[in-house]
Amino acid sequence: MRLVDVSPEVVTVELADGPARFHALWLRDNARDDASRHAGNDQRLFDVTELADEVVVASAEVVDGRLVVAFGPDGATSAFDAGWLEAHRYDVAAGVGSRAGDGPAGAVPWLAADLDLHRLAWADRDDRESLAATTAALVRDGVAIVHGLAVGEDPPADAPGIVDVAGLWGPVRATNYGEVFLVRAEANPTNLAFTPKALNVHTDNPYRRPVPGYQLLHCLVASDVGGVTVLLDGFRAAEVLRDEDPAAFDLLATTSVPFRWSGDGFDLRNRGPLIEVEDGGPRAGAIRAVRYNNRSAAPFDVPFDEMAGLYEAFRTFARLLHRPELEHRFTLAPGECMVFDNERVLHGRDGEADPGRFLHGCYLDRDWIHGRVG
Ligand SMILES: [Fe+2]
């Protein structure tokens with residue numbers, strides 16, 4: 001790191017990627033000294049209103065690879081590591097995901113043929129490295145399988161089940177369907193998922209706020225016919241749309257649409273774009289979430305003049321979600337549980353399953369997986 005220029009308002013340093021400017025107020029607000037940040041938890045010890053109206057740089061120099069800045073008028077001094085400045089530089093050209101690939105950090109969007117489903121044996125759950133590898137696969141691929149679990153219609157109480165699998169990361173997020181929902185044919189289903197019908201690929205519960213971040217589906221009894229699982233990486237599908245029809249992508253990424261489910265004493269509503277992108281920061285434009293559910297999309301409510309265009313973009317994306325190269329097909333066996341990112345990986349069922357097929361399902365908040373360290 002080399003000092004390029006210093007003024008009362010701005011410090012410019014040469015970093016690995018080239019010169020970067022930093023405002024005096026930004027540097028003071030992010031000062032690393034002990035009076036500004038708690039040494040133990042790294043939390044800021046002051047509020048921005050406590051700083052002077054005119055924060056200035058009194059002096060700046062590079063000492064032992066660190067930028068040392070003295071501020072006025074309060075006299076505070078702080079040292080910034082080159083690595084920290086690199087990680088937080090904001091003097092970059094604007095552009096779509098200009099500093100990283102598409103998708104949240106760590107996600108590697110896949111085509112069907114590329115997906116090598118990560119598997120964790122229940123017997124290995126206490127092995128730290130095995131569990132860490134599974135967590136990493138969930139962040140990278142958005143899906144993993146845990147196997148060696150309970151099987152059958154009425155498994156013994158001590159057989160490992162879906163709540164135990166969720167517990168590898170965190171507590172189940174209960175909904176009006178209960179802590180665990182049952183997926184099988186019912187006489188009067190509250191949701192088409194609870195029938196043997198084929199199901200279009202979708203993400204669950206876009207009508208909840210917040211949308212459940214992860215979903216688990218544990219197969220207890222398989223189907224003799226049909227019931228093939230289809231998984232599709234919504235991030236990859238969105239990337240394809242952006243490549244092929246950027247105007248449709250932009251429209252879907254900037255149009256908030258409503259979702260709704262009612263029944264069982266609840267009327268649940270939420271809204272958001274079908275494709276959500278980072279709306280700021282160095283990764284602006286990178287895909288952040290995909291929500292798609294043909295069953296619970298409520299009537300679109302954009303102004304009259306925009307409706308035809310929205311439907312055109314919506315149908316273009318919907319057709320794309322049926323492309324064979326995006327659809328990963330496999331059969332979930334009894335004793336297997338798939339864990340998947342519910343704002344990325346779309347899931348569906350191909351063909352009529354026989355009514356004996358029986359799965360347990362539950363949800364988990366995203367942070368238990370994506371926020372985990374090690
Ligand atoms: Fe579903």
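Domain bounds here come from an automatic or database domain assignment.

**Figure 1. Two domains in a predicted model.** The model is predicted. Domain 1 covers residues 2–88, and domain 2 covers residues 112–370. Their C-alpha centres lie 43 Å apart. The C-alpha atoms of the chain fill a box of roughly 75 × 55 × 40 Å along the principal axes.

Figure 2. Three residues supply the donors: His202 through NE2, Asp204 through OD and His347 through NE2. These atoms lie 2.1 to 2.2 Å from the iron ion. Along the chain, the donors follow the spacing H-x1-D-x142-H. Asp204 sits in the loop between β10 (199–202) and β11 (214–221). His347 belongs to strand β19 (residues 345–350). The pair is 143 residues apart and links distant parts of the chain.

**Figure 3. Burial of Asp204 and His347.** Buried means under 20% relative accessible area. Asp204 counts as buried because its relative accessibility is 9%. His347 has 6% relative accessibility, so His347 counts as buried. Across the chain, buried residues make up 48% of the 374 residues.

**Figure 4. Fold and contacts of the chain.** The chain has eight helices and 20 strands. Among contacts with a separation of 6 or more, 72% come from residues 24 or more positions apart.

**Figure 5. Surface and charge.** The accessible surface of the chain comes to about 17900 Å². Carbon and sulfur atoms account for 51% of that surface. The chain carries 36 positive and 59 negative side chains. The centres of the two sets lie 3 Å apart.

Methods
Residues are numbered from 1 along each chain as its sequence is written. This is a predicted model: local features need pLDDT of at least 70, side-chain atom pairs count only at pLDDT 80 or more; totals for chains, interfaces and linings use all residues. Side-chain values use heavy atoms; hydrogens and water are left out. Donors are N, O and S atoms within 2.8 Å of the metal (3.2 Å for Na, K and Ca); water is not among the atoms, so sites may look incomplete. Helices (H or I, at least four residues) and strands (E, at least two) are DSSP runs, numbered from the N terminus. Buried means under 20% relative accessible area, exposed over 50%, partly exposed in between (1.4 Å probe, protein chains only). Contact means heavy atoms within 4.5 Å. Accessible areas come from the Shrake-Rupley method with a 1.4 Å probe; for residues, only the protein chains shown count as cover. Lys and Arg count as positive and Asp and Glu as negative; His and the chain ends are not counted. The place of a charge is taken as NZ of Lys, CZ of Arg, CG of Asp or CD of Glu.
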